[in-house]
Structures are given as C-alpha cells and as structure tokens.
Amino acid sequence: MSTVGYGTFIGKPDDEDDFDTYVAAKHLIRSGAVNMIDTAANYRCQKAERTMGSVLHTLTSQELG
C-alpha cells in the first residue's frame, strides 16, 4: 500500500462537498498517489460511499471505453 490514503469522513452531506470529494478522489486515484480509500456507511450520511462509487464508475468506464 502507498503511504497516502484518502479519507472521506470530513465534510457536510451536501452537493458542494460531494463535488469537491469527487474531483479530489478522481485526481488522486488517477495520479497513482492513492491506493486506499477510507469510507463507511456513516460518513456524510452515506454520501461518501456514493461519491466514491461515482468516481470508480467514471474511472472504470473511461478505462473500458
């Protein structure tokens, strides 16, 4: 594992923080700097997990398409 992980606990459960989290996670994963994402159902009212799902869906769709 890398020495850098990405935590998704911090933030409000709103669209603005979803967008910021999405952009940051997508950039970090693409750069190869992060290979561990910390999320849980209680982080930001499940919005953290949903946002990470969107990031991973986008990245895998781009890889396949």
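Select arginine 44 and lysine 12 to begin: a polar atom of the arginine 44 side chain lies 2.8 Å from the backbone oxygen of lysine 12. Such a pair is a polar contact, defined as two N or O atoms within 3.5 Å; within protein, one must be able to donate a hydrogen and the other to accept it, and residues adjacent in sequence count only if both atoms are side-chain atoms. The model is predicted: local features need pLDDT of at least 70 and side-chain atom pairs count only at pLDDT 80 or more, while totals for chains, interfaces and linings use all residues. Residues are numbered from 1 along each chain as its sequence is written, and side-chain values use heavy atoms, with hydrogens and water left out.

Keep arginine 44 selected. Arginine 44 is placed in the loop between β2 (37-38) and α2 (47-64). Helices (H or I, at least four residues) and strands (E, at least two) are DSSP runs, numbered from the N terminus. Is arginine 44 buried or exposed? Arginine 44 counts as buried because its relative accessibility is 4%; buried means under 20% relative accessible area, exposed over 50%, and partly exposed in between, with a 1.4 Å probe and protein chains only.

Next, display the surroundings of arginine 44. Leaving aside residues up to four places away in sequence, arginine 44 touches Thr8, Phe9, Ile10, Gly11, Lys12, Pro13, Asp14, Asp17, Asp18, Thr21 and Thr51. Contact here means heavy atoms within 4.5 Å.

Move to cysteine 45, which lies in the loop between β2 and α2. The phi of cysteine 45 is near 55 degrees, a positive value in a residue other than glycine. With 58% relative accessibility, cysteine 45 counts as exposed.

Then select glutamine 46, also in the loop between β2 and α2. Its phi is near 70 degrees, a positive value in a residue other than glycine. Glutamine 46 counts as partly exposed, at 35% relative accessibility.

Proceed into helix α2, where threonine 51 lies. Its relative accessible area is 6%, so threonine 51 is buried. Which residues does threonine 51 touch, not counting residues up to four places away in sequence? They are Asp18, Thr21, Tyr22 and Arg44. The side chains of threonine 51 and aspartate 18 are joined by a polar contact of 3.4 Å.

Select histidine 57, also placed in helix α2. Histidine 57 counts as exposed, with 54% relative accessibility. Draw a distance from the C-alpha atom of histidine 57 to that of alanine 25: the separation is 12 Å, and the two residues are 32 residues apart along the chain.

**The two helices together**

Now display helix α1 (residues 15-31) with α2: their axes come within 9 Å and cross at roughly 45 degrees. Axes are lines fitted to C-alpha atoms, for helices over the stretch in contact, and angles run from 0 to 180 degrees between N-to-C directions. The two helices α1 and α2 are therefore oblique to each other: angles under 35 degrees count as roughly parallel, over 145 as roughly antiparallel, 65 to 115 as roughly perpendicular, and the rest as oblique.

To inspect the contact, select Asp15, Asp18, Thr21, Tyr22, Ala25, Lys26, Ile29 and Arg30 in α1, which meet Lys47, Thr51, Met52, Ser54, Val55, Leu56, Thr58, Leu59 and Gln62 in α2.

**Serine 31**

Finish at serine 31, placed in helix α1. Serine 31 is partly exposed, with a relative accessible area of 45%. The side chain of serine 31 reaches the backbone nitrogen of alanine 33 at 3.2 Å.
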